[in-house]
Amino acid sequence: MMKKLRILIQYECMTSFKYIWLFYAIMYAIVLLIYIMVSAITGDPETAGTSCLEMNTFIYVGILGALGYSEDFKMMIQNGFTRKYIFAATLSMFAFIGGIMSFVDTVMGNLLHYFVPNYNSLFGVIYGYGDILPNWIWLFLLYMLISSLSYLAVLVIHKLEKTLSLCLVAILAGIILLAVALFRYVLPQNLVDSIRKLASRAMGFMNGGTVNYLLPLLTLLLLAAVFYLGAYAIIRRTEVK
């Protein structure tokens with residue numbers, strides 16, 4: 001059985017791996033074109049204002065999380081793989097792709113900032129530069145969180161009827177708007193300040209301007225684990241349609 005799982009993991013990882021370089025080739029080709037055009041027009045390529053290219057990777061891993069279910073589940077079930085193996089292989093694929101893309105984005109983000117000082121990576125904007133390992137792990141866990149959320153969302157949509165799915169989306173949107181309204185207009189200021197302080201701690205910002213990288217890493221890991229457990233609970237009861 002372990003051999004079947006290994007084959008399944010290898011298939012999932014290799015199938016997704018070949019598209020990573022196409023994604024980066026297109027993205028950096030567009031970035032290079034922007035810098036060339038801005039340089040030709042203004043004479044100063046640094047005015048291009050392109051930063052936080054990791055946001056594009058968010059879209060990629062989000063789509064990957066959705067496709068992690070919709071593309072392969074039916075085929076794998078029909079070929080005799082259990083739901084537990086399918087989930088393990090999908091999780092391994094997310095970790096494999098997330099590890100590679102977070103490494104590439106970490107290296108490229110720091111290199112671009114070094115050679116083009118007005119470029120800022122996402123991690124650099126929040127935490128600054130010089131800590132490569134926390135940067136890589138933070139991005140990796142962030143990508144895992146995004147893929148887990150999109151994976152769970154697709155499973156929920158598949159599990160529910162179309163009308164129920166739309167109602168659920170509307171309810172979630174309403175809850176978010178209500179929470180924002182409560183936060184801004186209803187909750188007492190001392191409670192709002194406490195929530196902001198807690199959120200700041202979760203992001204690793206401590207008293208005195210210091211940063212504890214362990215806290216945001218644990219926060220991202222915990223959130224991703226919750227979403228993945230939710231996805232596993234659903235996929236165990238998902239039937240092929």
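Which residues does Thr90 touch, if those up to four places away in sequence are not counted? Before I answer, please note that what you see is a predicted model.

The answer is Glu12, Gly68 and Tyr151, again leaving aside residues up to four places away in sequence. Thr90 itself sits in helix H4. Its relative accessibility is 0%, and because the threshold for burial is under 20%, Thr90 counts as buried. A polar atom of the Thr90 side chain also lies 2.8 Å from the backbone oxygen of Ile86.

Let me place this residue in the overall architecture. The chain contains 9 helices and 0 strands, so that, read from the N terminus on, the order of elements is α-α-α-α-α-α-α-α-α. Of the 241 residues in the chain, 35% are buried. Among contacts with a separation of 6 or more, 77% are between residues 24 or more positions apart. The chain exposes about 14000 Å², and carbon and sulfur atoms supply 73% of that area.

I turn now to the interior. In soluble globular proteins, nonpolar side chains tend to be buried together. In this model, the largest nonpolar core comprises 49 residues, and Met101 and Trp138 are those with the most contacts inside it. At least two residues of this core come from each of the following: helix H1 (2-42), helix H2 (54-70), helix H4 (83-115), helix H5 (122-127), helix H6 (132-159) and helix H9 (214-235).

Consider Met101 in particular. Not counting residues up to four places away in sequence, Met101 touches Ile20, Phe23, Tyr24, Thr57, Tyr60, Val61 and Tyr143.

Is Trp21 buried, partly exposed or exposed? Trp21 belongs to helix H1, and with a relative accessible area of 42% it is partly exposed. The C-alpha atoms of Trp21 and Met101 are separated by 9.7 Å, although the two residues are 80 residues apart along the chain. Beyond residues up to four places away in sequence, the contacts of Trp21 are with Ile100 and Val104.

A word on the cysteines. How many disulfides does the structure hold? The number is 0. Cys13 has a relative accessible area of 8% and is therefore buried. Cys52, at 19%, is also buried, since the cut-off is under 20%.

As background, most residues other than glycine have a negative phi.

Finally, I would draw attention to helix H8, residues 189-202. Its 14 residues reach 20 Å from the first C-alpha to the last, which is close to the 20 Å expected at 1.5 Å a residue. Gly204 follows H8, and its phi is positive, near 100°.

To close, I return to the opening residue: Thr90 is buried, and its contacts beyond residues up to four places away in sequence are Glu12, Gly68 and Tyr151. Thank you for your attention.

Conventions:
Residues are numbered from 1 along each chain as its sequence is written. This is a predicted model: local features need pLDDT of at least 70, side-chain atom pairs count only at pLDDT 80 or more; totals for chains, interfaces and linings use all residues. Side-chain values use heavy atoms; hydrogens and water are left out. A nonpolar core is a set of buried Ala, Val, Leu, Ile, Met, Phe, Trp, Tyr and Cys residues joined through side-chain atoms within 4.5 Å. Buried means under 20% relative accessible area, exposed over 50%, partly exposed in between (1.4 Å probe, protein chains only). Helices (H or I, at least four residues) and strands (E, at least two) are DSSP runs, numbered from the N terminus. Contact means heavy atoms within 4.5 Å. A polar contact is a pair of N or O atoms within 3.5 Å; within protein, one must be able to donate a hydrogen and the other to accept it, and residues adjacent in sequence count only if both atoms are side-chain atoms. A disulfide is a pair of cysteine sulfur atoms within 2.5 Å. The expected span of a helix is 1.5 Å times one less than its number of residues. Accessible areas come from the Shrake-Rupley method with a 1.4 Å probe; for residues, only the protein chains shown count as cover.
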